[in-house]
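The sequence and the structure are shown first.

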There are 2 protein chains.
Amino acid sequence: MTNRATRRTLLRGGVATAALTAAAFPGTAHAHTEALPIETRRPGGTGPKIGILLFDGFSVLDPTGPADVLSRLPGATVTMIAEQRGPVRTDTGDVRLVAEQSIAEVDRLDVLLVPGAGNRGTIAAMRNQALLDWIRRIHRHTRWTTSVCTGSLVLASAGLLTGRRATTYWASGEYLSTHFDVTYVPERYVRSGKIITAAGVSAGIDMSLYLASLIAGDTVGKAIELAVEYDPRPPFGTGDATKADPALKELALRLLAESQI
Amino acid sequence: MTNRATRRTLLRGGVATAALTAAAFPGTAHAHTEALPIETRRPGGTGPKIGILLFDGFSVLDPTGPADVLSRLPGATVTMIAEQRGPVRTDTGDVRLVAEQSIAEVDRLDVLLVPGAGNRGTIAAMRNQALLDWIRRIHRHTRWTTSVCTGSLVLASAGLLTGRRATTYWASGEYLSTHFDVTYVPERYVRSGKIITAAGVSAGIDMSLYLASLIAGDTVGKAIELAVEYDPRPPFGTGDATKADPALKELALRLLAESQI
């Protein structure tokens, strides 16, 4: 390759754009050496410690959407955590994400996120006392405790949602409200104190952008939304279960079930 | 836990919903044993073989959004592939996804997806002849060759985009058009023959839903969009770079750069 790809030009769109930016906003030509705006600099220079719990059968987008978004917070660390260190398999069985730390090694987090899973994985997590004990312990000191999709059923099993409003995967809302003392609210994400639960799968992205703004302010939230180019254009407009006909819901759940081991 | 969580009730919202569905649509009470609608059953019973290339420094949402979506296609397999088997580290350095197969082990794919990365990872991939050779070889027989974010720069480096229309991460569009014989089109995703390139990061989800419909029809595409509950509600509406002011773009790129090793 004969192109001279440099860090600046690859992601700044070329010399012309960089020059234009510098002319319009003095000082931005050296933007990469300037300090971040004051609201993004954290006392002590360290950012939020974010921990994402993985368990067998999780749905891959649940933890990774939030991981990508929240990792852009100044000074943030994102750690995948599971009962044991090592690869954890997703619901489809053909993808594995590495848990860098075990629950025994993690005593404190600023943010805890519990992803969802298919039936098998969710039920197993809901019954796993070691995980539930750890969640309760960590929750005592988090700034934010969050979930995506059926991860809220795991939070509920740990007793964290008692008497609260919360959401979950669209097909699990009735289960949440009938089996726990929880008010199911069919919104994209629901905040109850320091707990934020999100709807299914892709809702983790919306929720984590909201969470990013709670942690570091709206300006950073807006910038991260742009950084991950979150300008969604769903091809079909069928992502809202409250508007879906029963046949489509059946097919959706069937495709899911048949993709999961 | 005293709740009797069963596969059906957990994801079908309880007995009431299941009964209602059965009454309205005869036969759906046993939906899980029925054959899929004819347009979703593939000849031979096997679905698309989807391969996602991973390389050091990739952005985690680029491959995982598509992996979650495309894995719901009937009979699909999703395989993470890299130069060598084993964990591959993301741009932030704190997350690893496992490559289940090496490029030497994969001769043929129905769908190839190349994710993007930060500067360092993208440039390294663009110069990696082993990866480029493999991409060219696989591309000869794919039904679809796709990319997310700066992954299109890697496709361009392999020569696949010559004379074509394509997109990429918003901050790399000018680079794409000035360094390659490619027409940069700032859309969410762009199809050129059997090649589909997507814009940054989260655009991989939109693109893969579109791709799912090309592979298995609109009904399946709609159902998968519902299955992953893709009803996005970006908190800020700042994901479109064409509408962003220069200061926000600078901050976005700075947050990205500072999150990447």
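## Cavities

In this predicted model, the lining of the second largest cavity is made up of seven nonpolar, three polar and one charged residues. That lining has 11 residues in total, and those nearest the cavity centre are A:Ser59, A:Ala117, A:Tyr169, A:Leu256 and A:Gln260. The volume of the second largest cavity is about 60 Å³.

The largest cavity has a volume of about 80 Å³. Its lining consists of 12 residues, with B:Ser59, B:Ala117, B:Cys149, B:Leu256 and B:Gln260 lying nearest the centre. By class, the lining of the largest cavity holds six nonpolar, three polar and three charged residues. The count of cavities of 30 Å³ or more comes to four.

## Annotated domain in chain A

An unreviewed UniProt entry places the feature "domain: DJ-1/PfpI" at residues 49-211 of chain A. Over residues 49-211, chain A is 32% helix and 26% strand.

## Sheet of chain A

Strands of a sheet pair through backbone hydrogen bonds, either parallel or antiparallel. Chain A has an open sheet of seven strands in the order 5-2-1-6-7-11-10, and the pairing is mixed. Strand 5 (101-102) and strand 10 (189-192) of chain A are the edge strands, each pairing on one side only. Helix 3 (residues 61-70) of chain A packs on the sheet, where it touches strand 1, strand 2 (77-82), strand 6 and strand 7 (144-148) of chain A. The direction of helix 3 makes about 160° with that of strand 2 of chain A. Helix 5 (residues 129-139) of chain A lies across strand 1, strand 2, strand 6, strand 7 and strand 11 (195-198) of chain A, and runs at about 150° to strand 6 of chain A.

Within the sheet, strand 1 (residues 49-53) and strand 6 (residues 111-114) of chain A are parallel and share three bridges. A:Ile52 has A:Leu113 in strand 6 of chain A as its bridge partner. Strand 10 and strand 11 of chain A, by contrast, run antiparallel and are joined by four bridges. Strand 10 and strand 11 of chain A form a hairpin with two residues between them, and A:Gly193 in the turn has a positive phi of about 65°.

## Sheet of chain B

In chain B, an open sheet of seven strands has the order 5-2-1-6-7-11-10, with mixed pairing. Strand 5 (101-102) and strand 10 (189-192) of chain B stand at the edges with a single partner strand each, so one side of each has no neighbour in the sheet. Strand 7 (residues 144-148) and strand 11 (residues 195-198) of chain B pair in the parallel sense, with four bridges. In this pair, B:Thr145 stands opposite B:Ile195 of strand 11 of chain B.

Helix 8 (residues 203-216) of chain B packs on the sheet and touches strand 6, strand 7, strand 10 and strand 11 of chain B. The direction of helix 8 makes about 165° with that of strand 7 of chain B. Helix 3 (residues 61-70) of chain B lies across strand 1 (49-53), strand 2 (77-82), strand 6 (111-114) and strand 7 of chain B. Helix 3 of chain B runs at about 160° to strand 2 of chain B.

## Hairpin of strands 3 and 4 in chain B

Strand 3 (residues 86-89) and strand 4 (residues 96-99) of chain B run antiparallel and are joined by four bridges. B:Gly86 stands opposite B:Ala99 in strand 4 of chain B. The hairpin of strand 3 and strand 4 of chain B has six residues between the strands, and B:Gly93 takes a positive phi near 85°.

Note on methods: Residues numbered from 1 in each chain as written. Chains lettered and ligands numbered in written order. Predicted model: local features only at pLDDT ≥ 70, side-chain atom pairs only at ≥ 80, totals over all residues. Heavy atoms only, no water. 1 Å grid on protein atoms, 1.4 Å probe; cavity = no way out; pocket = protein on both sides within 12 Å on 5 of 7 lines; lining within 4 Å. Points joined across faces, edges and corners; volume = space filled by probe spheres on them. Nonpolar A, V, L, I, M, F, W, Y, C, P; charged D, E, K, R; others polar. UniProt positions renumbered as here; feature names shortened; annotations may be inferred. Pairing = 2+ DSSP bridges. Contact = heavy atoms within 4.5 Å. Axes fitted to C-alpha atoms, helices over the stretch in contact; angles between N-to-C directions.
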